[in-house]
Amino acid sequence: MKDDAQATTSLWMATANTPSQSPLKGNIRTDVCIVGAGIAGLTTAYLLAKEGRSVVVLDDGPIGGGMTGRTTAHLTNAYDDRYAEMEKLHGEDGSRLIAESHTAAIDKVEEIVWNEHIDCGFERLDGFLFAPPNESPDLLDDELKASHRAGLVNVEMVRRAPIESFDTGPALRFPRQAQFHPLNYLTGLTRTFTRDGGRIFSGTHATSITGGSDARVETDLGAVVTCDAIVVATNTPVNDRVAIHTKQAPYVSYVIGVQVPKGSVTRALFWDTPDPYHYVRVQRGTTNDILIVGGEDHKTGQENDGYERFGRLEQWTRERFPQIGEVEFRWSGQVMEPVDGIAFIGRNPLDHDNVFIATGDSGQGMTHGTIAGTLLTDLLQGRKNRWEDLYSPSRITLRAMGEYAGENINVAMQFKDFLTAGEIESVDELKPGEGAIMREGLSKLAVCRDNGGTIHKLSAVCPHLGCLVAWNSTEKTWDCPCHGSKYRADGRVYQGPANSDLTKA
Ligand SMILES: Cc1cc2nc3c(=O)[nH]c(=O)nc-3n(C[C@H](O)[C@H](O)[C@H](O)COP(=O)(O)OP(=O)(O)OC[C@H]3O[C@@H](n4cnc5c(N)ncnc54)[C@H](O)[C@@H]3O)c2cc1C
Ligand code: FES
């Protein structure tokens, strides 16, 4: 699969053959228009089409070209942000609904895979959570009890996780987790969705999204989709300016895929407990397996040392899995961390009733995206859903106010960059493939010399809410440190909340 947005390529992108769809050329009408062909958009599209609704999906890149192509695809009800913490934020009932919905999402993926014969390597396996030797075992004990209270009664403490080469110490075993090849899954969803009459247009950027009685999505190609309802599944909503973006924060996460002798690592998911934590799985290959290890997260646009982070991931992996060979894949992607740990799925706040969003994946977007499919289908079909209030995008979780304030102070701090000097004084300092911030009078410019030697001179001001973007030398992109908008080296936007390009200087 080709992706012109980021420089790195994931294992999935290298091995998938997602179908290409044409751009939308003329005006059309449909019941529901979905913007975004990642797991959230396509699951919703598939489920609605199954119920006989006419659905159009628009995406400005290829199918799965967003974060679904950059995931590690652990499907899990073991909660990244911990049940002990969720219980404090959302109460025991909330914690039970979280466990129930993520369990149901894994079941839903399994059901779709079997019913539609999707060849995506879906498999059930155990997940193991362990703490590093210097950490108190209380965390695991507390999480065991909280998981049981959340209804996951089969979670148990085991003496160590099943990794021969190093002793993890006591670990929590979460049974019936799963993994799959995310892009092969989307390929299957696309095949069945289009078989059921659904229409997908890629290479089609939604420029304007308007709800109400004359709901419509306008596109960069001039064609307009008129519809009864709109689902914005763009990972982070491009139709919302402030309400959601003050309640979630963007983080970059890094992944390596390392060759490992076939069968030498137990088929399981592994996670440790530091913040940021490491996440590990195995992908079966023909001559060898690939051990996939992720971690080293940081706030988007606030660090620029991706290759050092890949190096640290490799070192961590070699110390624990000495049988590994060459690193075959290195990639990164962005996750949205909601201040209270769970996704925002439902009606878009301060908007018409027929505009819906799915965002706030919290590193669990495979299950959150599938929950979005189920929940949004119920809401669009006029049915009640017991998860509606929990995931409501309008919710305010008072107990998460400390986290909310912390993330927004961090955003406010980014504006100090307007006062600092530039990183370079002249474009002559840039080698091919490099970018930097340059001061020109009172303005700050984002300048880069692409691999072909062409200089791109752009305003560094992010069109979302005016923070200054930063160069990401790993992905050759401009990243906004405030709410995570991302732009190609030439300034074209590919990830929201901004929905327009950096302006040419
Ligand atoms: C490194 C990494 C590891 C991860 N590991 C896991 C994991 O193990 N388990 C897990 O559950 N989750 C994981 N996640 C999270 C998960 O991958 C994401 O949450 C999930 O893929 C998001 O899916 P989505 O459908 O919401 O968004 P996306 O897949 O990003 O899809 C959004 C789509 O919208 C399109 N779009 C955006 N703006 C417009 C516009 N204006 N017009 C038209 N189209 C537009 C984009 O092109 C894109 O295709 C990981 C994420 C990363 C980055
Ligand atoms: S993403 Fe909000 S200001 Fe850039």
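Modeller: Let's start with a term: a residue is called buried when its relative accessible area is under 20%. Keep in mind that this is a predicted model.

Colleague: Okay, so is Ser202 buried or exposed?

Modeller: Ser202 has a relative accessible area of 8%, so it counts as buried. You'll find Ser202 in the loop between β7 (199-201) and β8 (206-210).

Colleague: Which residues does Ser202 touch, leaving out those up to four places away in sequence?

Modeller: Contact here means heavy atoms within 4.5 Å. On that basis Ser202 touches Gln21, Ser22, Pro23, Asp59, Gly61 and Pro62. With Gln21 there's a detail to look at: its backbone oxygen lies 2.7 Å from a polar atom of the Ser202 side chain.

Colleague: And where is Phe321 found?

Modeller: Phe321 is in a loop as well, between α6 (306-320) and β15 (327-338). Its relative accessibility is 1%, so Phe321 is buried. Leaving out residues up to four places away in sequence, Phe321 touches Ile163, Ser165, Val265, Val280 and Leu291.

Colleague: Now helices. At what angle do α2 and α7 pack?

Modeller: For a helix pair, look at the angle, the axes and the handedness. Helix α2 (residues 39-50) and helix α7 (residues 365-380) pack at about 35°, with axes 8 Å apart. The crossing is right-handed. Residues making the contact include Ile39, Thr43 and Leu47 of α2, and Gly369, Ala372 and Leu376 of α7.

Colleague: How many of those contact residues are nonpolar, polar or charged?

Modeller: Eight are nonpolar, eight are polar and none is charged.

Terms used
Residues numbered from 1 in each chain as written. Chains lettered and ligands numbered in written order. Predicted model: local features only at pLDDT ≥ 70, side-chain atom pairs only at ≥ 80, totals over all residues. Heavy atoms only, no water. Helix = DSSP H or I, 4+ residues; strand = E, 2+ residues; numbered from the N terminus. Buried < 20%, exposed > 50% of the residue type's maximum accessible area, 1.4 Å probe, protein only. Polar contact = N/O pair within 3.5 Å; in protein donor to acceptor, adjacent residues only side chain to side chain. Axes fitted to C-alpha atoms, helices over the stretch in contact; angles between N-to-C directions. Left-handed = near helix turned anticlockwise from the far one by under 90°. Nonpolar A, V, L, I, M, F, W, Y, C, P; charged D, E, K, R; others polar.
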